[in-house]
Amino acid sequence: MSGARIAAVALLALPLLAGAADAPRPQPILPAELNWTASKLIPGLQSAWLIGTEQGNGPYLMRVELAAGTRIFAHRHPDTRATTVLRGTLYVGFGEAANDAALVAIPEGAVYVAPAEMPHFLWAKDGPVLYQENGIAPTGTVPVKR
């Protein structure tokens, strides 16, 4: 490429580079900045909202940490939730009552989906678990009555 052609390409690129300086910058949500809240109903469970809230409108993202051995009783949510296991193995079952024979191991890095209104239950059977859930608010957790 000739010197004149290189200079012309450089001149054309200047506005693009200047525009990049004005572009918004990503704002990370760092783990150390999360506001964890312990559950009043389930010892060994704590959660943190990263994006949105239960009462909001639109997408949300939350993290849940379970201490080893923690079980979450059968419950349902009004929205479909996709859950990614970030650390450990989460055992999940679908149904109105906790049934260890129905549990499926969801290993670290895997995702499972709980359809809206699908009763399900969880267990941190093998050790502590950290998982992340996302869906569309408003949402909530409704215990299954037996």
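The side chains of T83 and E133 are joined by a polar contact of 3.2 Å, a polar contact being a pair of N or O atoms within 3.5 Å, where, within protein, one must be able to donate a hydrogen and the other to accept it, and residues adjacent in sequence count only if both atoms are side-chain atoms. This is a predicted model, in which local features need pLDDT of at least 70 and side-chain atom pairs count only at pLDDT 80 or more, while totals for chains, interfaces and linings use all residues. Residues are numbered from 1 along each chain as its sequence is written, and side-chain values use heavy atoms, with hydrogens and water left out.

- T83 belongs to strand β5, residues 81–87, where strands (E, at least two residues) and helices (H or I, at least four) are DSSP runs numbered from the N terminus.
- T83 counts as buried because its relative accessibility is 0%; buried means under 20% relative accessible area, exposed over 50%, and partly exposed in between, with a 1.4 Å probe and protein chains only.
- Leaving out residues up to four places away in sequence, T83 touches A110, V111, Y112, Y131, Q132 and E133, contact meaning heavy atoms within 4.5 Å.
- R81 also has its place in strand β5, and with a relative accessible area of 3% R81 is buried.
- The side chain of R81 makes a polar contact of 2.7 Å with the side chain of E133 and another, of 2.8 Å, with the side chain of Y60.
- R81 and I136 are 55 residues apart along the chain, yet their C-alpha atoms are separated by 8.0 Å.

**The nonpolar core**

- The largest nonpolar core has 16 residues, and those with the most contacts inside it are L66, I72, L90, Y112, L122, V129 and Y131; such a core is a set of buried Ala, Val, Leu, Ile, Met, Phe, Trp, Tyr and Cys residues joined through side-chain atoms within 4.5 Å.
- Two or more residues of this core come from each of β3 (58–66), β6 (90–94), β8 (111–114) and β10 (129–137), with β3 giving the largest share, 3 residues.
- Beyond four places in sequence, the residues that L90 touches include L66, Y112, L122, V129 and Y131.

**The largest pocket**

- The largest pocket holds about 550 Å³ of space; on a 1 Å grid over the protein atoms alone, a pocket is an open set of points where a 1.4 Å probe fits, with protein on both sides within 12 Å along at least five of seven lines, and lining residues have an atom within 4 Å of a point.
- Of the 24 residues that line this pocket, L45, S47, E54, M62 and T141 are the closest to its centre.
- The lining divides into 13 nonpolar, 7 polar and 4 charged residues, where Ala, Val, Leu, Ile, Met, Phe, Trp, Tyr, Cys and Pro count as nonpolar, Asp, Glu, Lys and Arg as charged, and the others, Gly among them, as polar.

**An exposed loop residue**

- A68 lies in the loop between β3 and β4 and is exposed, with a relative accessible area of 53%.
- Although A68 and V129 are 61 residues apart in sequence, their C-alpha atoms are 7.2 Å apart in space.

**The chain as a whole**

- The secondary structure comes to 1 helix and 11 strands, and of the 146 residues of the chain, 34% count as buried.

Terms used:
Grid points are joined across faces, edges and corners, and a volume is the space filled by probe spheres set on the points.
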